[in-house]
Amino acid sequence: MKILVTGAARSGTGYMSAVLRACGLKCGHEAIYHPGTSAVGGTWDDREAESSWLAIPFLDEEVLRIPDLYVVHLVRNPVACARSLHHFFAASTNPFHDAIDRYCPWIRHRSKLGDA
């Protein structure tokens, strides 16, 4: 069994990584999924868990690739988090920027939701 914790940025993935390690699991925080990640296939090595908000674009593929993968989704105002980080990924095309545009295209249009 593997555990993948993900959610919006600033949703507690760092804390969850610490909690899982305190429970005795070998858990990384953004060790597999990080800003340099560009494709599925990061190595889990002997990790039992990974906690990273940057895993979101790869969930479909990872769930299929790792049969006993449990995904934990943390939530903390994901619209505001994605909007505040969109500029960070806008410098070039990458899977994180593409996922925001694919699943939440309205995030860049503040007038529709108001400022957050």
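1. Leu20 has a relative accessibility of 10% and therefore counts as buried, since buried means under 20% relative accessible area. This reading, like every other in this note, comes from a predicted model. Leu20 belongs to helix α1, which covers residues 13-22.

2. The surroundings of Leu20 deserve attention. Leaving aside residues up to four places away in sequence, Leu20 touches Val5, Leu25, Cys27 and Ala49. Ala49 is 29 residues from Leu20 along the chain, yet the C-alpha atoms of the two are separated by 7.8 Å.

3. Cys27, one of the residues that Leu20 touches, is buried, with a relative accessible area of 9%. Cys23, by contrast, is exposed at 61% relative accessibility. The number of disulfides in the model is 0.

4. Turning to aromatic rings, the whole structure contains 1 aromatic pair. Its members are Tyr33 and Phe58, which are stacked, with 5.9 Å from centre to centre and 25° between the planes. The pair links distant parts of the chain, 25 residues apart: Tyr33 is in the loop between β2 (27-29) and β3 (49-51), and Phe58 is in the loop between β3 and α2 (59-65).

5. Are the two members of this pair, Tyr33 and Phe58, buried or exposed? Tyr33 has a relative accessibility of 1% and so counts as buried. Phe58, at 4%, counts as buried too.

6. Charged side chains come next. Side chains of opposite charge can pair when their charged atoms come close. The model has 2 salt bridges. In one of them, the side chains of Asp46 and Lys26 meet at 3.4 Å, N to O. Asp46 is exposed, with a relative accessible area of 51%, whereas Lys26 is partly exposed at 47%. The cut-off explains the two labels, because exposed means over 50%.

7. Glu62 and Arg65 also form a salt bridge, with 2.7 Å from N to O. How many residues apart are Glu62 and Arg65 in helix α2? They are 3 residues apart, and therefore separated by about one helical turn. Glu62 is buried, with a relative accessible area of 0%, while Arg65 is partly exposed at 39% relative accessibility.

Terms used: Residues numbered from 1 in each chain as written. Predicted model: local features only at pLDDT ≥ 70, side-chain atom pairs only at ≥ 80, totals over all residues. Heavy atoms only, no water. Disulfide = S-S within 2.5 Å. Buried < 20%, exposed > 50% of the residue type's maximum accessible area, 1.4 Å probe, protein only. Phe/Tyr/Trp six-rings, centres within 6.5 Å; stacked < 30°, edge-to-face > 60°. Helix = DSSP H or I, 4+ residues; strand = E, 2+ residues; numbered from the N terminus. Contact = heavy atoms within 4.5 Å. Salt bridge = Lys/Arg side-chain N within 4 Å of Asp/Glu carboxyl O.
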